[in-house]
Amino acid sequence: MRLVYTEKAKLPIGEHIFQASKYGAIREQLLAAGAFHESAFVAPEPCRDEDLLLVHTKLWVNKLKNGTMSTREELELEVPYSKELAEAFWYMTGGSMMAAGLALEEGCCVHLGGGFHHAFADHGEGFCLVNDVAVAIRVLQRDGKIARAMVVDCDVHQGNGTAAIFGTGDPEPFPRASWSASLLEPKRAAHVKTSATRDVFTVSLHQESNYPYWKPPSSIDVNLPDGTSDGEYLEWLDTALKGAKERFQPELLCYISGADPYAEDQLGGLGLSIEGLRERDRMVFRYARDNGFPIMTTLAGGYARKPADTVTIHVNTALAAKEVFGA
Ligand SMILES: [Zn+2]
């Protein structure tokens, strides 16, 4: 199994709650543990503007390239804009495109980066300038490699940009008979919503009372209550994955893993442990393997009080992929 990584995607944002140094640290730790050989790492090229334009508006791409966004637009990013930052996002997106392509060829690929799911077609927000996963999907569709993809987003924050980009249309009545039959009964119910879907099926499990406060509808949104535990989370994930498969057969699964459902995260309010998050990763990888869905993975957010915990959680995601898919 190969891992996509390049130093050129390092986000030049200085001291920030988003620790841009985590990507290099993850790579070092995977090498030091002997889990992956140097030759497993492959470096992407930056995406091209025409790739971005499959998802983003020309106006937004121009603003990113030329630094002509408004003060308000820059504030919404919550990271300091620079042309170097935009360039890093071109590499991040190239990385997710490469990981998606390798997943189709080899079954599984992890991008040590990516997952910028708060970027919309015409603006960025929440540390996200470009929606790398959405671009990767649209590029494969343009090139005739796939028609249908599924996004499974387990970051603690809802994938609002992804949901809006793949716009799902009118909500379906809920509960559907097949869903209600398979619903488990955790002690505290999550609020589940489902919507009609087109060519990309989006699943998001996230903390309900957290950013983003406006949550455009995904195909399946599981709005979890504060403090959700390992056991509760894994039951809801299992239910959502089974429900997704009933409704949609993807040719590629894009997993946005996220380290921030962790109990010790500074921007999250769920209660998962490091071991629970590893079990979450195993569940998603087994789901992909057992159903024959090629899977590409991105890392997304992670803001643990101890930065080393964020690195450990992301390292475990790569290890879980290797465990399930083999070397
Ligand atoms: Zn997040």
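Let me start with helix H5 (residues 83–106) and helix H6 (residues 132–142), whose axes come within 8 Å and cross at roughly 50°, the axes being lines fitted to C-alpha atoms over the stretch in contact and the angles running from 0 to 180 degrees between N-to-C directions. Because angles under 35 degrees count as roughly parallel, over 145 as roughly antiparallel and 65 to 115 as roughly perpendicular, with the rest oblique, H5 is oblique to H6. This is a predicted model, in which local features need pLDDT of at least 70 and side-chain atom pairs count only at pLDDT 80 or more, while totals for chains, interfaces and linings use all residues. Residues are numbered from 1 along each chain as its sequence is written, and side-chain values use heavy atoms, with hydrogens and water left out.

On the H5 side the contact (heavy atoms within 4.5 Å) is made by Met92, Thr93, Ser96, Met97, Ala100 and Leu104, and on the H6 side by Asp132, Val135, Ala136, Val139 and Leu140.

His157 sits in the loop between strand S4 (149–153) and helix H7 (160–165), and Asp260 in the loop between strand S8 (252–256) and helix H10 (274–291), so the pair ties together parts that are 103 residues apart in sequence.

Finally, helix H1 (residues 22–32) and helix H11 (residues 307–325) pack at about 55°, their axes 9 Å apart, and H1 is therefore oblique to H11.

Methods:
Helices (H or I, at least four residues) and strands (E, at least two) are DSSP runs, numbered from the N terminus.
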